[in-house]
Amino acid sequence: MNSKFLKLFFTIILFSNITFGQTNTFYSINDELFELPGKWEFIGKIESSAQWGFSNKKLEHILLINVRSIDIFEFYNKELSEFELLNKFYTWESESWEKNENNIEIEKIEVNEVEKYIIWRLKIKDKNMENYIIHGMKNNKLIGVSLSDNNKKKPKSRDEKIDFVKKIYFNK
(Lines give C-alpha, C1' and ligand atoms only; values in the text may rest on other atoms or scores of the structure.)
Protein backbone atom coordinates (compact mmCIF):
# COMPACT_ATOMS: atom_id res chain seq x y z
CA MET A 1 0.00 0.00 0.00
CA ASN A 2 1.40 3.38 -0.90
CA SER A 3 1.64 6.21 1.60
CA LYS A 4 -0.76 8.51 -0.30
CA PHE A 5 -3.51 5.91 -0.02
CA LEU A 6 -2.83 5.42 3.69
CA LYS A 7 -2.95 9.17 4.33
CA LEU A 8 -6.25 9.43 2.46
CA PHE A 9 -7.65 6.45 4.35
CA PHE A 10 -6.69 7.89 7.74
CA THR A 11 -8.01 11.33 6.76
CA ILE A 12 -11.38 9.78 5.97
CA ILE A 13 -11.58 7.95 9.29
CA LEU A 14 -10.47 11.04 11.20
CA PHE A 15 -13.98 12.36 11.14
CA SER A 16 -16.08 9.23 11.45
CA ASN A 17 -15.25 6.38 13.78
CA ILE A 18 -17.91 4.51 15.67
CA THR A 19 -16.71 2.31 18.52
CA PHE A 20 -19.29 0.38 20.54
CA GLY A 21 -21.95 2.97 19.79
CA GLN A 22 -19.80 5.93 20.88
CA THR A 23 -18.55 8.40 18.34
CA ASN A 24 -14.91 9.29 18.83
CA THR A 25 -13.21 12.29 17.32
CA PHE A 26 -9.81 12.01 15.63
CA TYR A 27 -7.36 14.86 15.05
CA SER A 28 -3.97 14.91 13.41
CA ILE A 29 -1.69 17.52 14.96
CA ASN A 30 1.77 17.94 13.44
CA ASP A 31 1.62 14.37 12.08
CA GLU A 32 0.54 12.81 15.40
CA LEU A 33 -2.92 11.24 15.55
CA PHE A 34 -5.11 11.74 18.64
CA GLU A 35 -8.38 9.99 19.41
CA LEU A 36 -10.70 11.94 21.68
CA PRO A 37 -13.52 9.91 23.26
CA GLY A 38 -16.92 11.36 22.46
CA LYS A 39 -17.78 14.53 20.59
CA TRP A 40 -15.18 17.32 20.67
CA GLU A 41 -15.21 20.66 18.93
CA PHE A 42 -12.05 22.43 17.78
CA ILE A 43 -12.12 25.85 19.48
CA GLY A 44 -8.87 27.34 18.26
CA LYS A 45 -5.12 27.35 18.25
CA ILE A 46 -2.74 29.32 20.46
CA GLU A 47 0.13 30.05 18.08
CA SER A 48 2.67 31.07 20.74
CA SER A 49 2.52 27.66 22.43
CA ALA A 50 1.38 25.58 19.42
CA GLN A 51 -1.65 24.43 21.43
CA TRP A 52 -4.80 23.18 19.77
CA GLY A 53 -7.90 23.68 21.90
CA PHE A 54 -10.93 21.40 22.02
CA SER A 55 -14.20 21.56 23.92
CA ASN A 56 -16.59 18.83 24.97
CA LYS A 57 -19.80 20.61 25.93
CA LYS A 58 -21.47 17.50 27.33
CA LEU A 59 -18.60 16.75 29.73
CA GLU A 60 -17.77 20.44 30.23
CA HIS A 61 -14.10 19.77 29.51
CA ILE A 62 -11.47 21.79 27.73
CA LEU A 63 -8.51 19.94 26.26
CA LEU A 64 -5.28 21.50 24.98
CA ILE A 65 -2.93 19.40 22.86
CA ASN A 66 0.45 20.45 21.54
CA VAL A 67 3.06 18.69 19.44
CA ARG A 68 6.38 20.48 19.04
CA SER A 69 9.92 19.89 18.02
CA ILE A 70 12.09 20.05 21.13
CA ASP A 71 14.93 21.83 19.31
CA ILE A 72 12.99 25.13 19.26
CA PHE A 73 13.47 25.66 22.99
CA GLU A 74 16.27 27.75 24.51
CA PHE A 75 17.41 24.84 26.71
CA TYR A 76 17.79 22.40 23.81
CA ASN A 77 21.11 20.55 23.69
CA LYS A 78 21.60 17.68 21.25
CA GLU A 79 23.81 15.92 23.82
CA LEU A 80 20.87 15.43 26.20
CA SER A 81 18.66 12.35 26.14
CA GLU A 82 14.96 12.73 25.38
CA PHE A 83 14.15 12.23 29.05
CA GLU A 84 16.69 14.87 30.09
CA LEU A 85 15.15 17.28 27.57
CA LEU A 86 11.69 16.47 28.94
CA ASN A 87 12.87 17.32 32.46
CA LYS A 88 14.38 20.58 31.20
CA PHE A 89 11.04 21.40 29.58
CA TYR A 90 9.09 20.62 32.77
CA THR A 91 11.41 22.85 34.81
CA TRP A 92 11.18 25.64 32.21
CA GLU A 93 7.37 25.40 31.99
CA SER A 94 6.70 25.20 35.73
CA GLU A 95 9.12 28.06 36.50
CA SER A 96 7.45 30.16 33.82
CA TRP A 97 4.04 29.63 35.45
CA GLU A 98 5.45 30.45 38.89
CA LYS A 99 6.97 33.70 37.60
CA ASN A 100 3.88 34.87 35.74
CA GLU A 101 1.04 33.94 38.06
CA ASN A 102 0.27 34.67 41.70
CA ASN A 103 -1.30 32.16 44.05
CA ILE A 104 -0.22 29.13 42.06
CA GLU A 105 0.20 25.50 43.03
CA ILE A 106 2.25 23.03 40.97
CA GLU A 107 2.42 19.34 41.80
CA LYS A 108 4.51 16.76 39.99
CA ILE A 109 2.37 13.61 40.09
CA GLU A 110 4.08 10.90 38.08
CA VAL A 111 7.41 10.55 36.29
CA ASN A 112 8.16 7.67 33.95
CA GLU A 113 11.68 7.57 32.57
CA VAL A 114 11.12 4.44 30.45
CA GLU A 115 8.05 5.79 28.65
CA LYS A 116 9.40 9.36 28.83
CA TYR A 117 6.52 11.30 30.35
CA ILE A 118 5.72 13.53 33.31
CA ILE A 119 2.23 14.10 34.70
CA TRP A 120 1.64 17.21 36.74
CA ARG A 121 -1.12 19.42 38.09
CA LEU A 122 -1.32 23.18 37.70
CA LYS A 123 -3.72 25.12 39.91
CA ILE A 124 -4.20 28.87 39.76
CA LYS A 125 -6.17 29.46 42.94
CA ASP A 126 -7.44 33.00 42.39
CA LYS A 127 -8.75 32.05 38.91
CA ASN A 128 -10.26 28.77 40.16
CA MET A 129 -8.42 26.96 37.36
CA GLU A 130 -6.92 23.49 37.63
CA ASN A 131 -5.32 21.48 34.83
CA TYR A 132 -3.98 17.95 34.74
CA ILE A 133 -1.14 17.78 32.25
CA ILE A 134 1.01 15.12 30.68
CA HIS A 135 4.14 16.04 28.77
CA GLY A 136 6.23 13.43 27.06
CA MET A 137 8.58 12.61 24.25
CA LYS A 138 7.41 10.48 21.33
CA ASN A 139 8.73 10.28 17.78
CA ASN A 140 11.35 12.95 18.58
CA LYS A 141 8.60 15.41 19.50
CA LEU A 142 7.47 17.03 22.72
CA ILE A 143 3.78 16.23 23.18
CA GLY A 144 1.49 17.73 25.79
CA VAL A 145 -2.11 17.07 26.75
CA SER A 146 -3.84 19.32 29.31
CA LEU A 147 -7.32 18.78 30.74
CA SER A 148 -9.54 21.37 32.43
CA ASP A 149 -12.61 19.79 34.00
CA ASN A 150 -15.25 22.52 34.34
CA ASN A 151 -18.08 20.15 35.23
CA LYS A 152 -19.39 21.38 38.58
CA LYS A 153 -22.12 18.72 38.90
CA LYS A 154 -20.08 15.61 38.03
CA PRO A 155 -16.37 16.44 37.95
CA LYS A 156 -13.92 13.64 37.28
CA SER A 157 -11.91 12.39 40.25
CA ARG A 158 -8.19 13.05 40.42
CA ASP A 159 -7.43 9.50 39.22
CA GLU A 160 -9.94 9.82 36.37
CA LYS A 161 -8.29 13.05 35.21
CA ILE A 162 -4.86 11.44 35.28
CA ASP A 163 -6.15 8.37 33.41
CA PHE A 164 -7.89 10.62 30.87
CA VAL A 165 -4.78 12.60 29.89
CA LYS A 166 -2.78 9.35 29.71
CA LYS A 167 -5.41 7.79 27.46
CA ILE A 168 -5.28 10.73 25.05
CA TYR A 169 -1.47 10.87 25.13
CA PHE A 170 -1.01 7.15 24.52
CA ASN A 171 -3.99 6.90 22.11
CA LYS A 172 -5.52 3.99 24.03
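Val 145 counts as buried because its relative accessibility is 0% (buried means under 20% relative accessible area, exposed over 50%, partly exposed in between, with a 1.4 Å probe and protein chains only). The model is predicted: local features need pLDDT of at least 70, side-chain atom pairs count only at pLDDT 80 or more, and totals for chains, interfaces and linings use all residues. Residues are numbered from 1 along each chain as its sequence is written, and side-chain values use heavy atoms, without hydrogens and water.

Val 145 lies in strand β10, residues 141-149 (strands are DSSP runs of E, at least two residues, and helices runs of H or I, at least four, numbered from the N terminus). Beyond its neighbours within four places in sequence, Val 145 contacts residues including Phe 34, Leu 63, Ile 133 and Tyr 169 (contact means heavy atoms within 4.5 Å).

Seven strands form an open sheet in the order β4-β5-β6-β10-β9-β8-β7, with antiparallel pairing (two strands pair if DSSP finds at least two bridges between them). Strands β4 (41-46) and β7 (104-112) each have a single partner, so one side of each lacks a neighbour in the sheet. Neighbouring strands are turned by 20 degrees on average, direction ignored (axes are lines fitted to C-alpha atoms, for helices over the stretch in contact, and angles run from 0 to 180 degrees between N-to-C directions).

Eight bridges join antiparallel strands β8 (117-124) and β9 (129-138). Lys 123 has Glu 130 of β9 as its bridge partner. Helix α2 (82-100) packs on the sheet, and its direction makes about 170 degrees with that of β7. Helix α3 (158-170) also packs there, at about 35 degrees to the direction of β9.
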